[in-house]
Amino acid sequence: MKKLSHSSFIRAGVFLSFIAAWVIFYHYIDYSQYLTKDKISLIIGFIRDFVVRFGIFGPIFFIAASCLAITINVPTIFIICFSVITFGEITGAIISAVAVYIATTLIYFIAQMLGTNFVEWLFGDRLKKFEERLDKRGLLTVVYLRLIFFMSPVLNWLLGITNISYKNFFFGTLLGTAHNIILTAWLSGSIIDLIKAGDSLNPVWTPKLFLPFCIGATIFLAIRIIDRRQRIKRTITEKKTA
């Protein structure tokens with residue numbers, strides 16, 4: 001087993017302390033007090049006022065705040081929704097996409113700097129097998145993982161501590177998540193318009209929701225079918241080589 005240097009222990013300690021601090025923070029914060037209709041309206045109003053106050057710099061500050069939020073593992077779907085609420089569907093989708101890809105880039109380089117040696121020591125052969133797959137089919141593997149798990153915080157950090165190149169990491173993330181960002185922005189904008197109009201949110205009876213819902217469901221089912229076939233294929237291959 002690979003020995004860990006003193007500096008690697010220090011970097012691993014910083015990395016694990018960072019994660020532990022946010023786990024404790026999320027555990028003790030009371031989300032319910034912020035999820036009332038009045039509170040959400042106040043938050044939306046504050047964000048919009050902030051953007052207007054800074055003019056052309058508003059989107060830049062929003063992207064910076066979103067990058068920080070994604071880096072500390074705030075669910076990406078919240079960022080996309082707030083971006084659409086603030087800027088509208090098309091502009092919101094673009095701004096949230098920029099924030100997502102900048103944030104994942106930051107996570108990649110932070111993970112590379114802090115956690116590589118420690119995780120290699122911790123997971124040993126299992127990480128090596130995963131990295132061998134990334135070496136052979138790095139881009140396709142990242143696309144596949146992103147299609148299955150989207151912007152899972154665990155996946156963001158896991159990919160960052162492997163030996164995958166930044167080029168494969170970035171373009172794999174781009175190809176595997178762009179459709180989800182577009183669909184989430186589309187659905188968010190449609191839901192906001194329906195709430196304002198007082199219409200039904202049932203996708204079966206609401207044409208404005210029906211199309212994006214069907215597209216999203218179709219993509220989801222297709223990904224699950226591909227995932228199942230890949231698992232069966234790997235199982236057969238492992239049995240033959242055993």
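Two residues count as being in contact when they have heavy atoms within 4.5 Å of each other. On that basis, 73% of the contacts in the chain with a separation of 6 or more come from residues 24 or more positions apart. The model looked at here is a predicted one. Its chain holds 10 helices and 0 strands, so that reading from the N terminus on simply gives α-α-α-α-α-α-α-α-α-α. Of the 242 residues, 36% count as buried.

Helix α3, made up of residues 58-71, packs with helix α5, residues 89-114, at an angle of about 45 degrees. Their axes lie 8 Å apart. Angles of 65 to 115 degrees would count as roughly perpendicular and those under 35 as roughly parallel, and α3 and α5 are therefore oblique to each other. The crossing of the two is right-handed. On the α3 side, the residues that meet α5 are Pro59, Phe62, Ile63, Ser66, Cys67, Ile70 and Thr71. Their partners in α5 include Ile95, Val98, Leu106 and Ile110. Sorted by type, the residues of this contact come out as 14 nonpolar, 2 polar and no charged.

A polar atom of the Ser190 side chain lies 2.9 Å from the backbone oxygen of Trp186. Setting aside neighbours within four places in sequence, Ser190 is in contact with Glu89, Lys208 and Leu209.

Conventions: Residues numbered from 1 in each chain as written. Predicted model: local features only at pLDDT ≥ 70, side-chain atom pairs only at ≥ 80, totals over all residues. Heavy atoms only, no water. Axes fitted to C-alpha atoms, helices over the stretch in contact; angles between N-to-C directions. Helix = DSSP H or I, 4+ residues; strand = E, 2+ residues; numbered from the N terminus. Parallel < 35°, antiparallel > 145°, perpendicular 65-115°, else oblique. Left-handed = near helix turned anticlockwise from the far one by under 90°. Nonpolar A, V, L, I, M, F, W, Y, C, P; charged D, E, K, R; others polar. Polar contact = N/O pair within 3.5 Å; in protein donor to acceptor, adjacent residues only side chain to side chain. Buried < 20%, exposed > 50% of the residue type's maximum accessible area, 1.4 Å probe, protein only.
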